[in-house]
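This briefing is meant to be read with the sequence and the coordinates side by side.

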Amino acid sequence: SNVTNKTDPRSLNSRVFIGNLNTLVVKKSDVEAIFSKYGKIVGCSVHKGFAFVQYVNERNARAAVAGEDGRMIAGQGL
C-alpha cells in the first residue's frame with residue numbers, strides 16, 4: 001500500500017520516518033525489503049530524499065529505528 005495515514009493518532013507511533021534517503025537509487029521496493037524484516041508493513045511511501053514506513057504496531061517501528069538508524073544505503077547514512 002502507498003498509504004501512511006497521517007491523521008489516525010493510533011498509527012503515529014507505528015510509523016517510521018526514513019531521512020537522508022538517496023531516492024535516485026533507492027526505490028520503494030528496496031525500502032520495503034530492508035524494513036520488512038522488523039514486522040508486517042501496512043504502508044510505504046517514498047518521496048524525494050525521504051520515506052515513511054507504516055507498521056502494524058509500535059513495537060515493529062521501534063525495532064526498525066533501532067536496527068537501521070545510521071545504516072549506510074546507497075552511500076548515505078540514514
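This is a predicted model: local features need pLDDT of at least 70, side-chain atom pairs count only at pLDDT 80 or more; totals for chains, interfaces and linings use all residues.

Helices (DSSP H or I runs of at least four residues) and strands (E runs of at least two) are numbered from the N terminus. Residues are numbered from 1 along each chain as its sequence is written, and side-chain values use heavy atoms, with hydrogens and water left out.

**Annotation**

- An unreviewed UniProt entry carries the annotation "domain: RRM" for residues 14-78; UniProt positions are given in the numbering used here, feature names are shortened, and annotations may be inferred rather than shown by experiment.

**Nonpolar core**

- A nonpolar core is a set of buried Ala, Val, Leu, Ile, Met, Phe, Trp, Tyr and Cys residues joined through side-chain atoms within 4.5 Å, where buried means under 20% relative accessible area, exposed over 50% and partly exposed in between (1.4 Å probe, protein chains only).
- The largest such core has 17 residues, and those with the most contacts inside it are Ile-18, Leu-21, Val-31, Phe-35, Val-53 and Tyr-55.
- At least two residues of this core come from each of S1, H2, strand S2 (41-47), S3 and H3.
- Not counting residues up to four places away in sequence, Tyr-55 is in contact (heavy atoms within 4.5 Å) with a set of residues including Val-16, Phe-35, Tyr-38, Ile-41, Val-42, Ala-61 and Ala-64.
- As general background, nonpolar side chains tend to be buried together in soluble globular proteins.

- Helix H3 spans residues 58-68, and Asn-60, Ala-61, Ala-64 and Glu-68 are buried in it.
- Seen down the axis of H3, these buried residues fall within an arc of 100 degrees, so they line one face of the helix; the arc is that of the directions from the helix axis to the C-beta atoms.
- The cover over the buried residues of H3 includes S1, H2 and S3, while Arg-59, Arg-62 and Ala-66 are exposed on the other side of the helix.
- Gly-70 follows H3 and has a positive phi, near 85 degrees.

- Asp-69 lies in the loop between H3 and S4 and, at 64% relative accessibility, counts as exposed.
- Not counting residues up to four places away in sequence, Asp-69 touches Ala-64 and Leu-78.
- The C-alpha atoms of Asp-69 and Ile-18 are separated by 8.7 Å, although the two residues are 51 residues apart along the chain.

- Arg-15 is found in strand S1 (residues 15-18) and Gln-54 in strand S3 (residues 50-55).
- Arg-15 counts as buried at 16% relative accessibility, and Gln-54 is likewise buried, with a relative accessible area of 4%.
- The side chains of Arg-15 and Gln-54 are joined by a polar contact of 3.1 Å; such a contact is a pair of N or O atoms within 3.5 Å, and within protein one must be able to donate a hydrogen and the other to accept it, while residues adjacent in sequence count only if both atoms are side-chain atoms.

**Aromatic rings**

- Rings of Phe, Tyr and Trp (its six-membered ring) pair if their centres lie within 6.5 Å, and planes under 30 degrees apart count as stacked, over 60 as edge-to-face and the rest as tilted.
- By this rule there are three aromatic pairs.
- The rings of Phe-50 and Phe-52 have centres 6.0 Å apart and planes at 85 degrees, so the pair is edge-to-face.
- Phe-50 is partly exposed at 28% relative accessible area, as is Phe-52 at 24%, and ring pairs link Phe-17, Phe-50 and Phe-52 into a cluster.

- Most residues other than glycine have a negative phi.
- Asn-20 has a positive phi of about 55 degrees; Asn-20 lies in the loop between S1 and helix H2 (28-35) and is partly exposed, with a relative accessible area of 44%.
- Ala-74 also has a positive phi, near 55 degrees; Ala-74 is found in the loop between strand S4 (72-73) and strand S5 (76-77) and is partly exposed at 38%.
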